[in-house]
Amino acid sequence: MITIPVDSVRGFIEQCLIRLGLEPLHAEISARHMAFADARGTDTHGIMQLPVYARRIRDGGINRKPNLVWERETEQSAVLDGDHGMGHYSAHLAMEKAIEKARSQTISFVTIRNASHFGAASSYAKMASDAGMIGFVTSNAAALMAATGGTERVLGNNPVCFAVPRKDGDPVILDMACSNVAMGKLVMAQNKGESIPLGWALDKNGNPTSDPYEGFQGGGTLVPIGGHKGYGLALIMDILAGVLSGSNYGKNVGRMADSAVPTGIGCSMIVLNLARILPSDLFGERLEDLLGMVLSSGNGENRIYLPGEKGAETARERRETGVPIPEALIAQLSGIAEELGIDTSAYGF
């Protein structure tokens with residue numbers, strides 16, 4: 001592992017995206033959300049994805065100069081055509097719009113069609129909690145999961161994310177996929193030559209496997225959390241994000257590996273202005289009372305964590321110590337930097 005300061009991670013990503021042809025504002029905002037993931041320890045959704053994005057930008061799977069257009073806008077809702085641009089930028093705009101509408105309308109719903117992978121959903125939900133509101137974010141993704149009882153990839157590992165503000169503490173953030181683990185965990189295990197626990201994936205024949213290759217590149221499927229419950233959640237998220245947005249859904253969502261083909265994913269966001277339902281101070285008091293019940297419910301031997309608490313602690317640590325990056329990834333990043341004429345020593349590697 002090589003440790004890089006968080007700001008250097010963000011700055012390096014931004015420069016790479018600019019050299020790849022993105023508009024500076026698109027690059028800056030995308031880099032900000034990618035570095036957010038790295039800072040919080042969601043390493044599968046940060047700089048690890050840069051080689052994938054770079055290839056997709058070069059090959060046309062991500063549009064360098066998208067024409068983003070707002071459609072069907074009302075006082076409480078809107079649809080954004082992302083024109084297959086960088087997903088982080090369109091998701092950022094959509095959440096800004098959702099927050100703006102919720103300020104005056106209590107609740108808002110904003111969806112994106114023709115989107116691209118946007119990294120960590122929590123980065124956008126937290127924008128709402130930072131504004132004193134409750135945020136919900138979901139998207140669909142390329143099919144990696146089978147329906148319960150099936151063996152064919154038919155649904156994406158679609159995220160479910162909520163962020164709830166606290167008056168004097170880190171927001172409560174639930175950011176979860178609908179499978180036991182993210183696909184990136186299988187990729188990381190394969191890169192390290194490690195096996196995976198049984199229960200993470202099935203092979204192409206529907207049998208449990210400990211081989212990360214068989215679970216992903218070999219044609220296998222991810223295992224949904226709670227069996228039929230995770231499958232049901234993934235289906236509903238695809239309805240909200242793909243079907244309702246007018247974007248691709250199910251097996252129609254493009255794969256990230258097909259770098260010349262836009263994925264055409266959909267994203268949806270809901271923002272709830274809690275202050276228009278219950279006075280903020282009263283909500284805060286009631287929330288802390290509930291959280292206190294939860295945190296004091298242990299036997300004293302094991303610490304109880306709130307959703308998102310570990311990520312917040314990791315972010316504080318990594319702001320001081322930096323982001324650990326595997327040497328194999330450093331080699332890939334160095335290759336991209338050389339192609340783009342970027343001096344990596346300026347960023348600590």
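These questions and answers concern a predicted model.

Me: Is serine 139 buried or exposed?
Reply: Serine 139 belongs to strand β5, which covers residues 134-139. Its relative accessibility is 5%, and buried means under 20%. Serine 139 therefore counts as buried.

Me: Which residues is serine 139 in contact with, leaving aside its neighbours within four places in sequence?
Reply: A contact here requires heavy atoms within 4.5 Å. With the neighbours within four places in sequence left aside, serine 139 is in contact with Phe118, Asn158, Pro159, Ala241, Gly266 and Cys267.

Me: Does valine 223 count as buried or exposed?
Reply: Valine 223 sits in the loop between β12 (221-222) and α8 (228-243). The cut-off for buried is under 20% relative accessible area. At 17% relative accessibility, valine 223 therefore counts as buried.

Me: What separates the C-alpha atoms of valine 223 and asparagine 157?
Reply: Along the chain, valine 223 and asparagine 157 are 66 residues apart. Valine 223 also touches Ser179, Asn180, Gly199, Trp200, Ala201 and Leu202, if residues up to four places away in sequence are not counted. Between the C-alpha atoms of valine 223 and asparagine 157, the separation is 9.4 Å.

Me: At what angle do α1 and α2 pack?
Reply: Two packed helices are described by the angle between their axes and the distance between the axes. For α1 and α2, the axes are 8 Å apart, and the crossing is right-handed. The angle is about 145°.

Me: How many nonpolar residues are in the contact of α1 with α2?
Reply: From α1, the residues that meet α2 include Val6, Ile13 and Leu17. On the α2 side, Ala27, Ala31 and Met34 are among them. By class, this contact has one polar and five charged residues, and the nonpolar residues number 11.

Me: Which helix gives the most to the lining of the second largest pocket?
Reply: The second largest pocket has a volume of about 350 Å³. Of the 19 residues that line it, the closest to its centre are Arg32, Phe36, Ser123, Lys126 and Arg319. At least two lining residues come from each of α1 (6-19), α2 (24-39), α5 (122-130) and α10 (309-321). With five residues, the helix that gives the most is α2.

Me: How many charged residues are in the lining of the second largest pocket?
Reply: Arg, Lys, Asp and Glu count as charged. The lining has seven nonpolar and three polar residues. Its charged residues number nine.

Key
Residues numbered from 1 in each chain as written. Predicted model: local features only at pLDDT ≥ 70, side-chain atom pairs only at ≥ 80, totals over all residues. Heavy atoms only, no water. Helix = DSSP H or I, 4+ residues; strand = E, 2+ residues; numbered from the N terminus. Buried < 20%, exposed > 50% of the residue type's maximum accessible area, 1.4 Å probe, protein only. 1 Å grid on protein atoms, 1.4 Å probe; cavity = no way out; pocket = protein on both sides within 12 Å on 5 of 7 lines; lining within 4 Å. Points joined across faces, edges and corners; volume = space filled by probe spheres on them. Axes fitted to C-alpha atoms, helices over the stretch in contact; angles between N-to-C directions. Left-handed = near helix turned anticlockwise from the far one by under 90°.
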